Amino acid sequence: MAETEQQTTQAPAAQGPQRLDGTATAGAIKGELAERVARLKERGIVPGLATVLVGDDPASHSYVGGKHRDCAEVGIASIRRELPETVSQEELEAVIDELNADPACTGYIVQLPLPGHIDTQAILERIDPDKDADGLHPTNLGRLVLDVYGEGEAPLPCTPHGIVELLRRHHIDLVGKDVVVLGRGITVGRPLGLLLSRRDVNATVTLAHTGTRDLDAVLSRADVVVAAIGVPHAVRPEQVKDGVVLLDVGVSRVLDTATGKKRLTGDVHPEAAAKASWVSPNPGGVGPMTRAMLLVNVVDAAERAAA
Ligand SMILES: Nc1nc2c(c(=O)[nH]1)N[C@@H](CN(C=O)c1ccc(C(=O)N[C@@H](CCC(=O)O)C(=O)O)cc1)CN2
């Protein structure tokens with residue numbers, strides 16, 4: 001696709017939807033990051049990502065494993081902290097303090113969700129904002145609200161940033177478009193609403209949630225729908241217009257009765273996807289972009305620290 005070509009959100013659905021290919025886009029971003037990491041290393045600076053993983057949840061283990069594989073691909077050093085499900089608040093806070101003080105760790109994340117007995121907000125607030133690779137520290141979320149920080153000057157939450165970047169790199173113009181974000185969670189919906197309404201994106205955003213009245217009417221007007229509620233096939237074909245752009249963020253594991261195995265299912269019904277002009281596959285859409293934007297935050301932070 002030509003670099004300057006602008007895409008419309010109204011391509012006839014008869015052609016079938018085009019894919020917002022997160023795997024390929026993340027691959028391109030990782031290539032760019034590998035070059036930036038190499039330049040940092042020439043100056044004696046080695047970016048290092050630490051992950052803090054609590055408990056035995058297989059999905060969290062798999063996501064964290066992926067993050068470290070990505071680090072190896074682009075030359076970022078890896079530090080792993082694994083703690084039992086029974087870890088106390090104080091023990092976890094001690095690990096945070098240790099990473100805040102460790103010069104080899106230039107950025108880190110605490111894999112979410114944490115067990116119910118842990119005060120997640122207190123943990124996120126204890127992270128040094130300069131090492132906050134997830135962009136979830138209140139200082140960094142506050143910077144997002146203020147919208148006075150330029151590109152790379154403050155970390156952005158990875159999934160929202162990944163969604164905006166995925167659309168941007170597929171030349172999908174959001175100026176003036178009606179974007180409906182389903183879900184108001186702190187890792188996706190709420191920060192995505194802020195990001196989409198920034199002047200450089202300029203979309204009109206509706207953040208829909210369990211309190212939304214007449215969701216069908218809200219969805220029927222949308223040029224773009226981002227579904228991040230984790231309810232399998234929640235977005236149905238009769239709710240969206242032809243040519244809509246659909247981003248499927250939700251991840252549910254449902255039993256496939258044919259195979260007897262669990263299979264990953266998104267929030268978008270396949271027949272809704274068939275009406276779209278563009279759709280992000282799930283898997284292979286927003287997930288890989290989430291991982292790529294984490295690396296962007298790590299490299300940005302290392303460059304800022306070295307400036
Ligand atoms: N500290 C954080 N915790 C969590 C975050 C986060 O951004 N920061 N987001 C999610 C989990 N997550 C990253 O941590 C994540 C989820 C999914 C993927 C991904 O690549 N998914 C694949 C499918 C993988 C599969 O088969 O399960 C895809 O979409 O292609 C990456 C990262 C919650 N916790």
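Where is the place of Asn202? Asn202 is found in the loop between α7 (189–196) and β6 (204–208). Its backbone deserves a look. Phi of Asn202 is near 65 degrees, a positive value in a residue that is not glycine.

The chain averages a pLDDT of 94. At least 70 is the score of 95% of the residues. Residues 1–5 are another matter, with pLDDT below 50. Beyond near neighbours in sequence, that stretch makes seven contacts in the model. Where pLDDT is low, predicted coordinates should not be read in detail. For the model as a whole, ipTM is 0.96 and pTM is 0.94.

The space it takes is the largest pocket. Two elements each give two or more residues to the shell around the ligand: α2 (58–74) and α10 (286–306). Of these, α10 gives the most, with four residues. In total, 14 residues surround the ligand. The closest are Lys67, Val110, Asp134, Arg253 and Gly284.

Three of these residues can be followed atom by atom. Start with Lys67. An N or O atom in the Lys67 side chain is 2.7 Å from an oxygen atom of the ligand. Next comes Arg253. Here too the side chain supplies the N or O atom, and the distance to a ligand oxygen atom is 2.8 Å. Gly284 uses its backbone instead. A backbone N or O atom of Gly284 lies 2.6 Å from an oxygen atom of the ligand. How much of the ligand does the protein bury? Taken alone, the ligand exposes 690 Å², and the protein buries 79% of that.

Pro113 lies in the loop between β4 (107–110) and α4 (120–126).

Notes: Residues numbered from 1 in each chain as written. Predicted model: local features only at pLDDT ≥ 70, side-chain atom pairs only at ≥ 80, totals over all residues. Heavy atoms only, no water. pLDDT = per-residue confidence, 0-100. Contact = heavy atoms within 4.5 Å. Near = heavy atom within 4 Å. Polar contact = N/O pair within 3.5 Å; in protein donor to acceptor, adjacent residues only side chain to side chain. Areas by Shrake-Rupley, 256 points an atom, 1.4 Å probe, with all protein chains shown as cover. 1 Å grid on protein atoms, 1.4 Å probe; cavity = no way out; pocket = protein on both sides within 12 Å on 5 of 7 lines; lining within 4 Å. Sits in = over half its atoms within 2 Å of the grid points.
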